[in-house]
Amino acid sequence: MIQALVFYLFSAVLVASAVMVIAARNPVHSVLFLILAFFNAAGLFVLMGAEFLAMILVIVYVGAVAVLFLFVVMMLDINFLAMREGFIRYLPIGALVGLILLAELALAVGVWTVAPAALEAARQVAATPDPNTISNTLALGRILYTDYVYVFQASGLVLLVAMIGAIVLTLREREGVRRQVIARQVGRRREESIAVVKVPPRQGVS
Amino acid sequence: MNFWTNIVWPLVITVLLILAIVVPVLIGVAYLTLAERKVMAAMQLRVGPNLVGPFGLLQPFADAVKLMFKETVIPSGANRVVFVAAPMLTFMLSLVAWAVIPFDAGLVLADINVGILYLFAISSLGVYGIIMAGWASNSKYAFLGALRSAAQMVSYEVSIGFVMITVLLCVGSLNLSDIVLAQQGLWFCLPLFPMFIIFFISGLAETNRTPFDLPEGESELVAGFFVEYSSISFALFFLGEYGNMILMSAMTSVLFLGGWLPPFDMAPFTWLPGPVWFALKIAACLFVFLWVRATMPRYRYDQLMRLGWKVFLPFSLIWLVLTAGALVAFGWVPRTA
């Protein structure tokens with residue numbers, strides 16, 4: 001009974017905060033509601049016994065992705081009230097696109113049937129382990145690193161390519177930037193940097 | 001009756017257990033502030049606070065009462081809800097993490113299988129309190145402090161993550177009690193000494209302590225992200241920061257210094273109970289925190305970023321690969337289940 005209560009609590013807050021993400025006037029508030037939504041999703045994962053996924057969700061999405069979101073959104077200097085003014089004007093076309101997407105989804109999912117043989121085969125391949133005898137992390141690791149190791153490595157490569165691409169696109173070489181080269185600073189010797197000059201009185205250094 | 005025995009009674013017991021953890025932590029926080037002033041005073045040949053109570057032992061309570069009776073000021077341009085929520089979040093996060101810390105064999109509130117991930121998740125959330133405070137204050141200094149802090153904490157979390165993975169490789173479990181028990185006979189701070197150092201320095205950066213206290217930077221940003229805070233909301237930030245220090249020391253003890261285990265498993269050392277050893281190890285780590293503060297000047301911001309991304313990250317990555325290679329080569333890989 002407590003489980004059911006907690007489930008409805010998490011789900012209700014999750015749905016409400018998800019609505020607030022698109023309804024909030026202030027974009028920073030939107031990101032904060034998004035974080036709340038992530039949290040409640042993690043809570044739902046814990047209720048299902050998927051503790052590893054819950055923690056990864058919090059670490060990756062809340063701890064890293066949403067921080068960068070918040071970082072960018074906070075520094076934007078846009079008049080958001082002015083952006084909202086076009087809402088009525090763009091409503092028809094937005095509603096049209098939304099309706100088309102909804103219809104497509106309904107068509108695709110509504111007629112989706114899976115052959116019983118394929119379903120049985122899928123169950124054979126990825127048998128759900130009993131959470132009481134084997135921990136989440138172990139079960140995930142066994143599947144990920146034995147059955148799907150090449151796919152896993154390939155996804156890592158895709159991410160690496162994306163990262164290199166982002167760096168190449170944004171890297172710019174600027175002229176005249178002073179940089180600190182620590183090796184040069186440390187490797188400097190006394191002879192190169194100090195000259196001891198005997199200055200005769202009343203003559204100064206020429 | 002079922003309602004009482006199944007729901008209310010466990011709830012009451014859990015609340016009492018939580019109090020049994022939180023109250024000592026809060027007292028520890030209060031005395032950590034006094035210890036900091038005393039230790040720094042001793043290192044700078046001063047006396048430190050000594051007037052309130054014997055040896056100044058009541059000073060933390062005097063400070064707390066003073067802060068509580070001050071006026072709470074909310075700036076007119078501030079975003080009120082976020083402004084008030086930020087210190088509460090910081091304070092809460094510094095206490096919530098204690099749920100999974102094992103104090104002795106079996107003496108832990110929630111003995112979850114993913115304990116170390118939980119700690120990592122909670123410590124990665126600490127940045128939100130600071131960002132929210134900086135943004136909601138609607139002030140330039142606070143905002144600069146928040147931006148610095150966000151960049152700094154995200155950078156150093158990466159190397160903390162690699163250090164944790166190295167420890168996990170040697171343990172073969174994400175449960176914190178298992179991590180401590182795996183250190184029987186040999187604490188991880190010896191075989192993984194470089195990672196121990198990296199973890200401690202990253203911990204300094206993660207808790208915004210000197211020499212990485214740029215988010216506060218009182219000589220340039222006034223007080224950084226909490227310039228606009230006063231009274232109890234300031235006190236919550238303060239408590240949260242010191243609570244995080246204690247937490248980071250507890251994490252260091254669990255991961256590298258053998259948690260509640262005595263240094264040698266023989267007579268004079270086993271007389272002290274486990275929690276006392278654990279507290280002693282935490283106190284030793286905290287002393288180093290204070291020592292560093294009294295000794296080191298503040299880092300420049302680009303040096304801080306360079307240290308995080310160009311020194312710690314590659315080094316911890318290489319050490320992780322080396323550890324994994326050594327474990328496989330010598331057949332030391334821990335077998336579980």
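**Salt bridges and their surroundings in chain B**

Analyst: Let's start with B:D63, which makes a salt bridge with B:R37; their closest N and O atoms are 3.2 Å apart. Keep in mind that this is a predicted model. B:D63 sits in helix α2 (residues 59–68) of chain B and B:R37 in helix α1 (residues 2–43) of chain B, so the pair ties together parts that are 26 residues apart in sequence. What about burial? B:D63 has 25% relative accessibility, so it counts as partly exposed, and B:R37, at 37%, counts as partly exposed too.

Next comes a pair made by two loops. B:R298 and B:D213 meet through their side chains in a salt bridge, 2.8 Å from N to O. B:R298 is in the loop between α10 (274–295) and α11 (301–329) of chain B, while B:D213 is in the loop between α7 and α8 of chain B, so this bridge ties together parts 85 residues apart in sequence. The arginine, B:R298, is partly exposed with a relative accessible area of 25%, whereas B:D213 counts as buried at 7% relative accessibility.

B:D302 and B:R300 also join side chains in a salt bridge, again given as 2.8 Å from N to O. B:D302 counts as partly exposed at 39% relative accessibility, and B:R300 counts as partly exposed at 41%. Beyond such pairs, there is a network of salt bridges linking B:E36, B:R209, B:E241 and B:R293. Over all chains, the count comes to seven salt bridges.

Now for a charged residue without a partner. B:E157, in helix α5 (residues 140–171) of chain B, is buried yet has no salt bridge. Its nearest side chain of opposite charge belongs to B:R209, 17 Å away; a salt bridge would need nitrogen and oxygen within 4 Å. So what does B:E157 touch, leaving aside its neighbours within four places in sequence? Its contacts are A:G63, B:F120, B:S123, B:S124 and B:E206.

The nonpolar side of the picture is worth a look as well. The largest nonpolar core has 111 residues, and B:W98, B:Y128, B:F199 and B:F256 touch the most other members. Helix α4 (residues 115–136) of chain B gives the most to this core, namely 16 residues. Take B:F199: setting aside neighbours within four places in sequence, its contacts include B:I160, B:V163, B:M164, B:M248 and B:F256.

Aromatic rings pair up too, with 19 aromatic pairs found over all chains. One of them is B:F83 with B:Y229, which is stacked, at 4.2 Å centre to centre and 5 degrees between the planes. That pair links distant parts of the chain, 146 residues apart: B:F83 is in helix α3 (residues 80–96) of chain B, and B:Y229 is in the loop between α7 (193–206) and α8 (231–256) of chain B. Both B:F83 and B:Y229 are buried. B:Y229 also pairs with B:F237, this time edge-to-face, with 4.9 Å between centres and 80 degrees between planes; B:F237 is buried as well. Elsewhere, B:Y156, B:F212, B:Y299 and B:F312 form one aromatic cluster.

Finally, stepping back to the whole chain: chain B is assigned domain 1 (1–69) and domain 2 (70–329). Their C-alpha centres are 19 Å apart, and 19 residues of domain 1 of chain B are in contact with 24 residues of domain 2 of chain B.

Key:
Residues are numbered from 1 along each chain as its sequence is written. Chains are lettered from A and ligands numbered from 1 in the order in which they are written. This is a predicted model: local features need pLDDT of at least 70, side-chain atom pairs count only at pLDDT 80 or more; totals for chains, interfaces and linings use all residues. Side-chain values use heavy atoms; hydrogens and water are left out. Rings of Phe, Tyr and Trp (its six-membered ring) pair if their centres lie within 6.5 Å; planes under 30 degrees apart count as stacked, over 60 as edge-to-face and the rest as tilted. Helices (H or I, at least four residues) and strands (E, at least two) are DSSP runs, numbered from the N terminus. Buried means under 20% relative accessible area, exposed over 50%, partly exposed in between (1.4 Å probe, protein chains only). Lys and Arg count as positive and Asp and Glu as negative; His and the chain ends are not counted. Contact means heavy atoms within 4.5 Å. A nonpolar core is a set of buried Ala, Val, Leu, Ile, Met, Phe, Trp, Tyr and Cys residues joined through side-chain atoms within 4.5 Å. Domain bounds come from an automatic or database domain assignment.
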